[in-house]
Amino acid sequence: MGSCIDRVVQLCASVLICAIATVLAGVACAQQQAVTATVIGEKVQKVGYRAMIQKQAIMYNLAGFARNNPDGTVGLELQGDEALIAKTLEAVSAGNKNSSHANIIGEAQAPFDPNLKTFTIYGWTSTSRNISNPYDLVFNLRPDDNEISGKEAAAVWDSIAESTLKGEDLAKFMKHLGDEE
């Protein structure tokens with residue numbers, strides 16, 4: 001009789017654990033979102049702006065992309081934790097040391113793609129490093145969703161650039177490794 005009661009208790013505990021896990025998974029999904037945005041500012045191209053956005057994405061483990069638009073704006077998409085996207089958009093608005101500040105962001109909700117596991121800068125070049133060949137710099141999301149420091153994000157970004165650039169462009173990049181971009 002005791003073993004039958006033990007089995008019932010174990011079964012009830014298993015059902016309860018599954019129910020809790022399902023609720024928590026639903027809460028986690030509810031915090032996930034995707035936004036698409038266009039950034040308007042006096043200087044948001046050729047100033048390391050997209051690299052700054054990607055470093056934010058690396059720091060917060062966000063998926064999406066950043067690209068220069070022909071009209072002088074920057075287009076981006078961010079996907080991940082709602083609070084971390086908000087922090088990233090604050091940094092995007094503030095800009096970096098070479099860009100304009102208080103940039104205007106027009107944003108809209110976008111469909112969340114659970115299969116998107118990268119953040120890509122499309123067509124990256126570097127005026128300060130004299131790199132004119134465009135490269136797509138791809139960050140693969142970390143399996144854990146932990147936030148990392150800005151310094152760690154910059155090191156990850158450097159390693160992405162090092163593994164992507166080729167020939168003379170790689171040599172130019174290595175010469176200026178650690179420069180803010």
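Tutor: Before we start, a nonpolar core here is a set of buried Ala, Val, Leu, Ile, Met, Phe, Trp, Tyr and Cys residues joined through side-chain atoms within 4.5 Å, where buried means under 20% relative accessible area, exposed over 50% and partly exposed in between, with a 1.4 Å probe and protein chains only. The model is predicted, with local features needing pLDDT of at least 70 and side-chain atom pairs pLDDT 80 or more, while totals for chains, interfaces and linings use all residues. Residues are numbered from 1 along each chain as its sequence is written, and side-chain values use heavy atoms, leaving out hydrogens and water.

Student: OK, which residues have the most contacts inside the largest nonpolar core?

Tutor: Those are Tyr-49, Ile-53, Leu-76, Trp-124 and Trp-157, in a core of 36 residues. The elements giving two or more residues to this core include strand 1 (32-40), strand 3 (74-81), helix 3 (82-94) and strand 6 (131-140); helices (H or I, at least four residues) and strands (E, at least two) are DSSP runs numbered from the N terminus.

Student: And which element gives the largest share of this core?

Tutor: Helix 2 does, with eight residues. In soluble globular proteins, nonpolar side chains tend to be buried together.

Student: How many residues of helix 2 are buried, then?

Tutor: Twelve of its twelve residues are buried, so helix 2 is largely enclosed by the rest of the structure.

Student: What about the span of helix 2, from its first C-alpha to its last?

Tutor: Helix 2, residues 49-60, reaches 17 Å, close to the 16 Å expected at 1.5 Å a residue, the expected span being 1.5 Å times one less than the number of residues.

Student: What happens just after helix 2?

Tutor: Asn-61 takes a positive phi of about 60° there, although Asn-61 is not a glycine, and this residue lies in the loop between helix 2 and strand 2 (63-68). Most residues other than glycine have a negative phi. Asn-130 also has a positive phi, near 60°, and is found in the loop between strand 5 and strand 6.

Student: Are those two asparagines buried or exposed?

Tutor: Asn-61 is buried, with a relative accessible area of 5%, whereas Asn-130 counts as exposed at 53%.

Student: Switching topic, what is Trp-157 in contact with?

Tutor: Leaving aside neighbours within four places in sequence, and taking contact as heavy atoms within 4.5 Å, the partners of Trp-157 include Ala-51, Gln-54, Ile-58, Ile-121, Arg-129 and Leu-137. Lys-55 lies over the face of Trp-157, at 4.9 Å from the ring centre; the criterion is NZ of Lys or CZ of Arg within 6 Å of the ring centre and within 35 degrees of the ring normal.

Student: How many aromatic pairs does a search of the whole structure find?

Tutor: Three, where rings of Phe, Tyr and Trp (its six-membered ring) pair if their centres lie within 6.5 Å, and planes under 30 degrees apart count as stacked, over 60 as edge-to-face and the rest as tilted. One of the pairs is Phe-65 with Tyr-122, tilted, at 5.9 Å centre to centre and 55° between the planes. Phe-65 lies in strand 2 and Tyr-122 in strand 5, so this pair ties together parts that are 57 residues apart in sequence. Phe-65 is buried at 16%, and Tyr-122 is partly exposed at 37%.

Student: Which residues form one aromatic cluster?

Tutor: Trp-124, Trp-157 and Phe-173 do.
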